[in-house]
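Morning, everyone. I'll take a few minutes on one model. Please have a look at it first.

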Amino acid sequence: MVRFLTFFFLVFLASGLRAEVDSAPPPKGLFSAVFWDKFKSATLHYAPWGNTNEENASMEMVPVNFFSPSRKFAYYGESPLEFFSQVYSEDGSGPNYSKIGEFAFSSQAIKTRESLFLLFSKPDSQTFKVYPIGFGASDVPFGSIKVFSQAGKTLYMTFGKEKIVLASGKSKLLQPLELSGNSNSNLVVFENVGGKYEKVFSRNLVFERGRRGVAFFSMEKKRLRFKLYQETATPLESTIGFNANPLQVAEPNTEQEVESPNSGTAPASVIPQ
């Protein structure tokens, strides 16, 4: 009897979560972010509905580092999507928000946009520039890695038995011929130096059905550098800001309320005007 009740509860819980996902409005964008600069990290704040000019607008936090994509976050508002840092007042009156970046997009798209944001810090500033990389199922399917070249020269690669010529500014989708669970394939890169092909890079890449990634070749101090960012498949309901309310909902106060002398004062806007 106990097992039956436990099973019934789990089925009921799962059906409730599924109903929540099905009834939720589709977000205009599902995004993740990573800093391009080494050792850079920050906690970004954004309004899932883009209504930062409204009183008590809901705000969400997105921790971002430089070595792996952040958790996905959903956005339901209009363009642009704005990012803020949180600043606390010296008088302790509450946090304020300072804009540090934005992403403009076409609001006429029918399907949910999926992108990985590369964040480039601006010199002598806390702000950054957003460079989007298409990260939907049609751009980078799970079980694959998309390689971009910013090397400023043509790269000659072997991937398993495949030979690839990758010009600077171009990209190539890498997928193993067979993928059942995990698969390993060796990526080797050569440069043409005086008519001879010299090996300059080699990496054993691991492919999994539930993972995908993007990688970048670039030059740093005359050496070829390789950056790989990968993400794991996660359910939509675990996305930051999923099905968020446009406005913060105050928790009910069960204690006896004491009227404040300033109770008639309207709350300040989330973003200072």
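How many helices and strands does the protein have? It has 1 helix and 16 strands, taken as DSSP runs numbered from the N terminus, helices being H or I of at least four residues and strands E of at least two.

A word on the source. This is a predicted model, where local features need pLDDT of at least 70, side-chain atom pairs count only at pLDDT 80 or more, and totals for chains, interfaces and linings use all residues. Residues are numbered from 1 along each chain as its sequence is written, and side-chain values use heavy atoms, with hydrogens and water left out.

Now burial. Of the 273 residues, 34% are buried, meaning under 20% relative accessible area with a 1.4 Å probe, protein chains only; exposed is over 50%, and partly exposed lies in between.

Pairing here requires at least two DSSP bridges between two strands. β9 (residues 145-150) runs antiparallel to β12, over 4 bridges. V147 sits opposite K172 in β12.

Last, S168. Where is S168 found? In the loop between β11 (162-166) and β12 (171-174). S168 is partly exposed, at 33% relative accessible area. Beyond its neighbours within four places in sequence, S168 contacts S149, Q150, A151, G152 and K153, a contact being heavy atoms within 4.5 Å. Its side chain reaches the backbone nitrogen of G152 at 2.9 Å.

Conventions:
A polar contact is a pair of N or O atoms within 3.5 Å; within protein, one must be able to donate a hydrogen and the other to accept it, and residues adjacent in sequence count only if both atoms are side-chain atoms.
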